[in-house]
Amino acid sequence: MYSMDDGMSIARQASQDIEAWLNGIPETLGVENVEDDPNYQKMDVDLLWHLEGRCLKVEIKGDRYHRTGNFFFETHSNQQRGTPGCFLYTEADWLFYYFVTPRTLYQLPMPETRDWFLKHRQQFRERSTRTPVGNGFYTTVGRLVPIAQVLDAVPRVVRVQFG
């Protein structure tokens, strides 16, 4: 189990690394971090990636468990409150799933990845994690989905290894 602070530092590291990488791509006109904007929080969108003639909405998921070979697709962000997981409701064009170690990014096209997952979700193991908050905790629930299976099944997934 890890603390809320650990989770926040993973998220911060993921955002910093991805923003720096996007800003280094020649086609990028700009990257706007909207993590603190309530309008984008409702859509579960972290970044606006400005390119020639379009703006892509990006959700970032930071993770440190690359060695498991799985993605963790969140189905309930707070089980006690009945809050759906970001994976089910994000309005992002892309989910950037980033393993902070070994600095591996998977660009997952949405909603294609979600549509595929929903058709197959019963075959993936459900797992939960508890996050301490105040005197209590909340439980996040999701499914462990093999990375290799997503790469095989969902076209347009891109894997990037940062230096």
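Rings of Phe, Tyr and Trp, the last by its six-membered ring, count as a pair if their centres lie within 6.5 Å. The exercises below apply this and related criteria to a predicted model.

**Exercise 1. Which residues form the one aromatic cluster, and how many aromatic pairs does the structure hold?**

Solution. Begin with the total, which is 15 aromatic pairs in the structure. Then collect the members of the cluster, which are Phe71, Phe73, Phe87, Tyr97, Phe99, Tyr106, Trp116, Phe117 and Phe124.

**Exercise 2. Classify the pair of tyrosine 98 and phenylalanine 162 as stacked, tilted or edge-to-face, and locate both residues in the chain.**

Solution. Step one concerns the distance: the ring centres of tyrosine 98 and phenylalanine 162 are 5.3 Å apart, and the limit for a pair is 6.5 Å. Step two concerns the planes, which stand at 35 degrees, so the pair is tilted; stacked would require an angle under 30 degrees and edge-to-face one over 60. Step three places the partners: tyrosine 98 belongs to strand E6, whereas phenylalanine 162 lies in the segment after strand E10 (158–161), so that the pair links parts of the chain 64 residues apart. Finally, both tyrosine 98 and phenylalanine 162 are buried.

**Exercise 3. Describe the open sheet of six strands and the pairing of E6 with strand E7.**

Solution. Write down the order of the strands, E1-E2-E3-E6-E7-E10, and note that the pairing is mixed. The edges are then strand E1 (28–33) and E10, each of which pairs on one side only. Neighbouring strands of this sheet are turned against each other by 25 degrees on average, with direction ignored. For the pairing of E6 with strand E7 (residues 104–109), six bridges join the two strands, which run antiparallel; within E7, glutamine 107 is the bridge partner of phenylalanine 96.

Note on methods. Residues are numbered from 1 along each chain as its sequence is written. This is a predicted model: local features need pLDDT of at least 70, side-chain atom pairs count only at pLDDT 80 or more; totals for chains, interfaces and linings use all residues. Side-chain values use heavy atoms; hydrogens and water are left out. Helices (H or I, at least four residues) and strands (E, at least two) are DSSP runs, numbered from the N terminus. Buried means under 20% relative accessible area, exposed over 50%, partly exposed in between (1.4 Å probe, protein chains only). Two strands pair if DSSP finds at least two bridges between them. Axes are lines fitted to C-alpha atoms, for helices over the stretch in contact, and angles run from 0 to 180 degrees between N-to-C directions.
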